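Please find below a note on the structure under review.

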Amino acid sequence: MFDSLFVTSTDDFGQKTVVNSFDEKTVIICISVALLLGILISIAYMYATPTYTKNFAATLALLPIIVQAVLVMVNGNVGTSVAVLGIFSLVRFRSVPGSSKEITAVFLTTAIGLAIGMGFIGYAVVLTVIVGIAFVLFAKIPLKEKVSDEKLLRITIAENLDYTEIFDDIFAKYLKTVTRQRVKTVNMGTMYDLQYIIVMKDVKDEKKMLDEIRCRNGNLTVACGKVPVNTETL
């Protein structure tokens, strides 16, 4: 079941390589299986991801064929094929950050393509079924994400104010912890944009704190909200 369809030979170093002597029937079987498994992965991804895109779903369906085709063309040399396909796989994420789910799906289709390209059809099928089921289960199991108490506080002040200690008394009154993340000049350098990561002692006092800050900074912009988290990262 887990034997390769292709004829293998052993070099002087004991490494097995695929001999480029497989027939058309074997190639058609590999391409057909790669397409079928790619479609199954694509379906599993679409089922687990309501916000999927049509282009990415099609990519998942076709990627195993491309991977196995490259592996066949390099005559079973895994090192060469992985180096080439690693570049191809990362093109998707050059400009737009990929989510952890997308990266997992891409690596899964790449692994299946590699397995089929080496002739291990049974292994590719088992891998697709097991990982596909686990993929769907993890996506559908109602796991609760950890909710952080941290908030991002942004305060704009005039350039003539000393931002180092101007709000210390207010912070001590309302905040459990406070960390200044960044100080940035805005409005052609006439103002400072202060950013803090804070944890409130009592969330009900948020408006009181913002009102006191507004009185201190001359009623300039004050914003308090969730800490921006890139939900598409690993």
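1. Basis of the note. This is a predicted model, in which local features need pLDDT of at least 70 and side-chain atom pairs count only at pLDDT 80 or more, while totals for chains, interfaces and linings use all residues. Residues are numbered from 1 along each chain as its sequence is written, and side-chain values use heavy atoms, with hydrogens and water left out.

2. Overall make-up. The protein has seven helices and six strands, taken as DSSP runs numbered from the N terminus (helices: H or I, at least four residues; strands: E, at least two). Along the sequence their order is β-β-α-α-α-α-α-β-α-β-β-α-β. Of the 234 residues, 34% are buried (under 20% relative accessible area; exposed is over 50%, and partly exposed lies in between, with a 1.4 Å probe and protein chains only). Among contacts (heavy atoms within 4.5 Å) with a separation of 6 or more, 68% join residues 24 or more positions apart.

3. Helices α1 and α5. Helix α1 (residues 24-48) packs against helix α5 (residues 121-140) at an angle of about 5°, and their axes are 9 Å apart. The two are therefore roughly parallel, a term for angles under 35 degrees; axes are lines fitted to C-alpha atoms over the stretch in contact, and angles run from 0 to 180 degrees between N-to-C directions. Residues making the contact include Cys30, Val33 and Leu37 of α1 and Ile121, Ala124 and Phe135 of α5.

4. Nonpolar cores. A nonpolar core is a set of buried Ala, Val, Leu, Ile, Met, Phe, Trp, Tyr and Cys residues joined through side-chain atoms within 4.5 Å. The largest has 16 residues, and Phe171 is one of those touching the most other members. Strand β5 (191-200) gives the most to this core, with four residues. Beyond four places in sequence, Phe171 touches Leu153, Ile155, Val178, Tyr196 and Ile213. A second, separate core of 13 residues includes Cys30, Ile121, Ala124 and Leu127.

5. Thr156. This residue lies in strand β3 and is buried, at 12% relative accessible area. Apart from neighbours within four places in sequence, Thr156 contacts Met191, Tyr192, Asp193, Asn217, Leu220 and Thr221.

6. Cysteines. The structure holds zero disulfides (pairs of cysteine sulfur atoms within 2.5 Å). Cys30 is buried, at 1% relative accessibility, whereas Cys215 is exposed, at 69%.

Definitions and conventions
Parallel < 35°, antiparallel > 145°, perpendicular 65-115°, else oblique.
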